[in-house]
Amino acid sequence: MELKTKFGTIAVQEEQIIHFPRGILGFADYHRYVLVEREDSVFSFLQSVDEPGLSFVVIMPELVRADYAVELSEEEIELLQISAPEDGKVFAIVTIPEDVAEMTVNLQAPVVINAKERLGAQLIITGDKYHTKHNVIAEMHKNAYLLQQQSRAQQSAEGVPESV
Amino acid sequence: MLVLTRKVDQSIMIGDNIRIVVVDVRGDQVKLGIEAPRHIMVHRHEVYEEIQAENRRAVLKKEIDVGALDKVLREARPKLKSDA
């Protein structure tokens, strides 16, 4: 099957289709998606198989928050048929405004995909740690800075001189 | 809208398999317990609406060049060195 999408024409094989039993919030009628990943990009696409006009840009949330973690409820584990933590791949939806540099990422409602079972769901993280509009570039900077601080702290803890 | 009066520990059924229990009432706050099948999402209305709205904003409105997106991120990076 060929789909003419906003990011080009893609070929979709039956075995690539991921079923979203609950759909994506606001798009409850669409249950079949494909994840289009590209080796040369941090951006992937979540593309509806039934509506070529329905495409989302997604990233791995670790790009903006190294410590990002999703805790699944028992119901969600069952829904996604996850048997080991590594079964679940987590993505976050990116909103791209007119000024691309102002792109934001929704860390409050990640998309979790079990590639093995080809099941997916958008979850909602409760609490106020994450919201729907994190500025991607600002968060990337903060994230890289924190990682750098961490590795410095680790180095000094291990007694490795900084200028080796 | 259908309006029902319930006391603490009493519940209502929506269809055959959704049950909502009044767990506690304190002042103007009501604590509700919800039993629903897995495929039914249960969330506070405000949260649900906000995520729906954000998803709608996130749907690609026009053709996109993914290379241009990566370029924006790459170009944003050099700033980092001077920050740190």
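Visitor: Before we start, what kind of model is it?
Guide: It's a predicted model.

Visitor: OK. How many helices and strands does chain A have?
Guide: Chain A comes to 2 helices and 10 strands. Going from the N terminus, the order is β-β-β-β-β-β-α-β-β-β-β-α.

Visitor: And what box do its C-alpha atoms fill?
Guide: Roughly 55 × 40 × 30 Å, taken along the principal axes. Chain A has 164 residues, and 32% of them count as buried.

Visitor: What about contacts across the sequence, how much comes from residues 24 or more positions apart?
Guide: In chain A, such pairs make up 51% of the contacts with a separation of 6 or more.

Visitor: Which of its residues are buried?
Guide: In H2(A), those are A:Val136, A:Ile137 and A:Met140. The cover over them includes S7, S8 and strand S10 (134–135) of chain A, plus helix H2 (66–76) of chain B.

Visitor: And what follows H2(A)?
Guide: A:Gly159, with a positive phi near 75 degrees.

Visitor: Now the core. How many residues are in the largest nonpolar one?
Guide: It has 38 residues, and A:Val58 and A:Val94 have the most contacts inside it. Two or more residues each come from strand S4 (32–36), strand S5 (44–48), S6, S7, S8 and H2 of chain A, together with helix H1 (45–58) of chain B. The largest share, 6 residues, is from S8(A).

Visitor: What does A:Val94 touch?
Guide: Leaving out neighbours within four places in sequence, A:Val94 is in contact with A:Val57, A:Val58, A:Ile59, A:Met103, A:Val105, A:Val136 and B:Ala58.

Visitor: Let's pick another residue. Where does A:Leu79 sit?
Guide: A:Leu79 is in helix H1 (residues 74–79) of chain A.

Visitor: Is A:Leu79 buried or exposed?
Guide: A:Leu79 is buried, because it has 21 other C-beta atoms within 10 Å and 20 or more is the cut-off.

Visitor: What does A:Leu79 touch?
Guide: Not counting residues up to four places away in sequence, A:Leu79 touches A:Pro21, A:Ala121 and B:Arg38.

Visitor: Last topic, the sheet in chain B. What's the strand order?
Guide: S1-S2-S3, 3 strands in an open sheet with antiparallel pairing. Strand S1 (11–14) and strand S3 (29–35) of chain B are the edge strands, each pairing on one side only. On average, neighbouring strands of this sheet are turned by 25 degrees against each other, direction ignored.

Visitor: How many bridges join S1(B) to S2?
Guide: 4 bridges join S1(B) to strand S2 (residues 18–26) of chain B, and the two run antiparallel. B:Ile14 stands opposite B:Ile18 in S2(B).

Notes. Residues are numbered from 1 along each chain as its sequence is written. Chains are lettered from A and ligands numbered from 1 in the order in which they are written. This is a predicted model: local features need pLDDT of at least 70, side-chain atom pairs count only at pLDDT 80 or more; totals for chains, interfaces and linings use all residues. A residue is buried if 20 or more other C-beta atoms lie within 10 Å of its own, exposed if 12 or fewer, and partly exposed in between; C-beta atoms are placed from the backbone. Two residues are in contact if their C-beta atoms, placed from the backbone, lie within 7 Å. A nonpolar core is a set of buried Ala, Val, Leu, Ile, Met, Phe, Trp, Tyr and Cys residues joined through C-beta atoms within 7 Å. Two strands pair if DSSP finds at least two bridges between them. Axes are lines fitted to C-alpha atoms, for helices over the stretch in contact, and angles run from 0 to 180 degrees between N-to-C directions.
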